[in-house]
Amino acid sequence: MKVLKIIIPWALTILLFVFLFSRIPVDQVIATLQQAQWGLYLAVLFPYSCLYLLLDTAAVTIAVRRFHAPVKYTEMIPVRAVTYVLSLVNHNVAQGGLALWLWRKENIPFLGIAGTMVFLAFLEITDLILVSSIGAAINGTAVPGLRESYFALYAVLAAIIFYFRGLKLLGVK
């Protein structure tokens, strides 16, 4: 069983590349990558990544302070940066690693901090929906059904917000 857990992800990755390169010629991919403006890409990516790390760390710090313990922002920055490296392998493992670190360092109950990580994952998803929908609205899209998908996603988000905040405003406990 352990062997399958190692082999299956590699096999799926290889199958994915075989599928992609059966549709897109490898020479075309290489030519496209050679034409990319790597200097400009890195000049934009590096400051953006640093800013995102600082803002994301602030969000995690505020959530942990609000629900659990008074953690220091400056202590959270390197830990959050390490979770980004872990995210290259598996995003959920990275979030679990952060929860484990907070459990050990701050003695926060693990299930409580895991719930906060789920809340933060929900915020990440809503952030992605917001940013991608703004980009699609500005630049347009050739993806059929994308506008309807955004409409549905915003409707679901509004329903969730109404459920958690609206009922309280209506006096329902």
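Which helix does Thr-57 lie in? Thr-57 sits in α3, the helix that runs over residues 38–67. Keep in mind that this is a predicted model.

**Thr-57 and its surroundings**

- Thr-57 is buried, and its relative accessible area comes out at 0%.
- Its side chain reaches back to the backbone oxygen of Leu-53, at 2.6 Å.
- Leaving aside residues up to four places away in sequence, Thr-57 touches Tyr-73, Met-76, Ile-77 and Arg-80.

**Helix α3 as a whole**

- α3 has 30 residues, which should span 44 Å at 1.5 Å a residue; its end C-alpha atoms are 42 Å apart, so the two values agree.
- Besides Thr-57, the buried residues of α3 are Leu-53, Asp-56, Val-60, Thr-61, Ala-63 and Val-64.
- What do these buried residues pack against? They pack against α4, α5 and α6.
- An α-helix has 3.6 residues a turn, so residues three or four places apart point the same way.

**The largest pocket**

- The largest pocket holds about 290 Å³ of space.
- Its lining is made up of 14 residues, and those nearest the centre are Tyr-52, Asp-56, Tyr-84, Glu-124 and Leu-128.
- One of these, Asp-56, is also on the list of buried residues of α3.
- Which helices each supply at least two residues of this lining? They are α3, α4 (73–87), α5 (91–106) and α6 (110–139).
- By class, the lining splits into six nonpolar, four polar and four charged residues.

**The second largest pocket**

- The second largest pocket has a volume of about 200 Å³.
- Around it you'll find Phe-119, Phe-122, Leu-123, Thr-126, Leu-157, Ile-160, Ile-161 and Phe-164.
- Here α6 and α7 (146–169) each give at least two lining residues.
- How many charged residues does this lining have? There are no charged residues in it; the lining has seven nonpolar residues and one polar.

**Helix α1, out in the open**

- α1 takes in residues 2–23, and its 22 residues reach 33 Å from first C-alpha to last, close to the 32 Å expected at 1.5 Å a residue.
- Is α1 largely buried or largely in the open? The number of buried residues among its 22 is zero, so α1 lies largely in the open.

**Asn-107, a loop residue to look at**

- Asn-107 is in the loop that links α5 and α6.
- Its phi is positive, about 55°, although Asn-107 is not a glycine.
- Asn-107 counts as exposed because its relative accessibility is 64%, and the cut-off for exposed is over 50%.

- Asp-27 belongs to helix α2, residues 26–35.
- With a relative accessibility of 63%, Asp-27 counts as exposed.
- From Asp-27 to Trp-101 it is 74 residues along the sequence and 45 Å through space, C-alpha to C-alpha.
- Ala-137 is placed in helix α6, and its 61% relative accessibility makes it exposed too.

Terms used. Residues are numbered from 1 along each chain as its sequence is written. This is a predicted model: local features need pLDDT of at least 70, side-chain atom pairs count only at pLDDT 80 or more; totals for chains, interfaces and linings use all residues. Side-chain values use heavy atoms; hydrogens and water are left out. Helices (H or I, at least four residues) and strands (E, at least two) are DSSP runs, numbered from the N terminus. Buried means under 20% relative accessible area, exposed over 50%, partly exposed in between (1.4 Å probe, protein chains only). A polar contact is a pair of N or O atoms within 3.5 Å; within protein, one must be able to donate a hydrogen and the other to accept it, and residues adjacent in sequence count only if both atoms are side-chain atoms. Contact means heavy atoms within 4.5 Å. On a 1 Å grid over the protein atoms alone, a cavity is a set of points where a 1.4 Å probe fits but cannot get out, and a pocket is an open set with protein on both sides within 12 Å along at least five of seven lines; lining residues have an atom within 4 Å of a point. Grid points are joined across faces, edges and corners, and a volume is the space filled by probe spheres set on the points. Ala, Val, Leu, Ile, Met, Phe, Trp, Tyr, Cys and Pro count as nonpolar, Asp, Glu, Lys and Arg as charged, and the others, Gly among them, as polar. The expected span of a helix is 1.5 Å times one less than its number of residues.
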